[in-house]
Amino acid sequence: MSDDRLRHLRERMSSLSPAQRAALEQAMRDRDVAAPTAKPAATAPRRTRRGSSTMEFSLFFFSGDGSAQGPNNYRLLLDSAEYADRNGFSGIWVPERHFVDFGGLYPNPSVLAAAIAVRTERIQIRAGSVAVPLHHPVRIAEEWSVVDNLSDGRVAIACASGWHPNDFVIAPGGRERYASRKDDMFAAIETVQRLWAGETVDVDGVPVRTLPRPRQARLPLWISSQGSVDTFVRAGEIGANVLTGLVAQRPADLRDKITAYREALKEAGHADGRVTAMVHTFLGADEDVVREQVRGPLIAYLRTFLAQQGNFDSQYNQLDDAGREAMLAATFDRYFESLALLGTPDKGESLVEDLVDLGVDEAACLVDFGLEPAAVLDGLRHLTELKDRYQGART
């Protein structure tokens, strides 16, 4: 951060009322961030890859600007999918979001997964995530079976219970289902797997067997969870993988949740599951250059995320523009140093080693947070360099 920018920010912070400053300090503590400095110091010495460390890498898409209009809104997704397919990435994730800019390019992951299926040959194509209670289980089984056939058996989905109450206007049963969304999700997952396996299921008194038959005998599943340890445990109980992230949770809390998940897997008699963590990602040859490249886009992305989260976060709602600017600057510093794959491949090794220690098996690299598509694609070369260091360790 430049001296002028830091001085301006401190002046704005000094104008906060006592109540606003208290809200800002509490919000920063909740996000494990400190006040911004001219050049933030790393929280710990940077680490290098240990010989025993392994990590899978996938690409994750979740654009913060769903209202943008243009002729090539999905070009970056498709070009990145082709690149990842050629260069040995484990998977590519497309989310489901409704009615908000944050992720708004992706209202239906199965449609885009179908496009990816015919443009790739090897990479696993994943929904990250399907908001399961918003859909009838029959439709989930049918749509993803089509994509499984198009891809010759490369489909997987992460299942989410849904977040915004307004999303449930499109759910079978309407907004009343919001309160029971988590239980409904797990019940629907069981139905989807039965249909996927070719069973006939009673639906409102009608025996239903879905077509087409999928290529895979069982649909690979992740459960998407950011907050609740109970969701991690329930994922372990059914033998599902877990999709999580470093946004809005402390690393120490994530480690505890992963431990609870592994214990639940073992107690239920399941083999080890996979924990995938979404991380914002852009790597280049020079750390200082990357910092300035990503500062504006990532702060704008975080502003969209926190504005959306403000519907549920009373502390954020108490902040004025100066408080929010301070939080964004502090959050950017924290992310750049220790919570995202931002910088160089050498710097990236430090975060990967931290993820290994947390119990994470795969880094889902969110790359579409606002940089120009050409820059994102160029950055994938450096991400591949980091990936290959860990892929080489497995070989």
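Biologist: To start, how much of the chain counts as buried?

Modeller: Of its 395 residues, 53% count as buried. Keep in mind that this is a predicted model. The chain has 13 helices and 11 strands, and it exposes about 16,900 Å², with carbon and sulfur atoms supplying 49% of that.

Biologist: What share of the contacts with a separation of 6 or more comes from residues 24 or more positions apart?

Modeller: Such residues account for 78% of those contacts.

Biologist: Let's turn to the aromatic residues. How many aromatic pairs does a search of the whole structure find?

Modeller: The search finds eight.

Biologist: Why is the pair of Y74 and Y106 called edge-to-face?

Modeller: Two values decide it. The ring centres are 6.4 Å apart, and the cut-off for a pair is within 6.5 Å. The planes stand at 65°, and over 60 degrees counts as edge-to-face.

Biologist: What makes W93 and W222 an edge-to-face pair?

Modeller: Their rings are 5.1 Å centre to centre, with 85° between the planes. The angle is over 60 degrees, so the edge-to-face label applies. W93 is in strand β2 and W222 in strand β7 (residues 221-224), 129 residues apart, and the pair links these distant parts of the chain. W93 and W222 are both buried. Ring pairs also link F60, F62, W93 and W222 into a cluster.

Biologist: Why is K347 said to sit over the ring of F336?

Modeller: The charged end of K347 is 4.6 Å from the ring centre. The distance limit is within 6 Å, so K347 passes that part of the test. K387 lies over the face of F89, at 5.3 Å from the ring centre.

Biologist: Which residues touch the most other members of the largest nonpolar core?

Modeller: They are F57, L59 and W144, in a core of 104 residues. Helix α9 (residues 287-309) gives the most to this core, with eight residues. Leaving out residues up to four places away in sequence, L59 touches a list of residues including A84, F89, I92, W93, V367 and L380. Another core, of five residues, lies apart from the largest one and has A131, F168, A171 and Y178 among its members.

Biologist: How do you know that the length of α3 agrees with its number of residues?

Modeller: At 1.5 Å a residue, its 12 residues should span 16 Å. The end C-alpha atoms are 17 Å apart, which agrees. Buried residues of α3 include L76, L77, L78, Y83 and A84. Just after this helix, G88 takes a positive phi of about 80°.

Biologist: What makes F99 and D152 stand out?

Modeller: Most residues other than glycine have a negative phi. F99 is not a glycine, yet has a positive phi of about 70°. D152 also has a positive value, near 60°. F99 is found in the loop between β2 and α4, and D152 in the loop between α5 (137-150) and β4 (155-160).

Biologist: Why are both called exposed?

Modeller: The cut-off is over 50%. F99 has 57%, so F99 is exposed. D152 has 51%, so D152 counts as exposed too.

Biologist: Finally, which peptide bonds here are cis?

Modeller: Most peptide bonds are trans. Among the cis ones here, one joins G128 and S129, with omega about 25°, and S129 lies in strand β3 (residues 124-131). Another runs from L211 to P212, with omega near 0°, and P212 lies in the loop between β6 (206-208) and β7.

How values were computed
Residues numbered from 1 in each chain as written. Predicted model: local features only at pLDDT ≥ 70, side-chain atom pairs only at ≥ 80, totals over all residues. Heavy atoms only, no water. Helix = DSSP H or I, 4+ residues; strand = E, 2+ residues; numbered from the N terminus. Buried < 20%, exposed > 50% of the residue type's maximum accessible area, 1.4 Å probe, protein only. Contact = heavy atoms within 4.5 Å. Areas by Shrake-Rupley, 256 points an atom, 1.4 Å probe, with all protein chains shown as cover. Phe/Tyr/Trp six-rings, centres within 6.5 Å; stacked < 30°, edge-to-face > 60°. Lys NZ or Arg CZ within 6 Å of the ring centre and 35° of its normal. Core = buried A, V, L, I, M, F, W, Y, C linked by side-chain atoms within 4.5 Å. Expected span 1.5 Å × (residues − 1).
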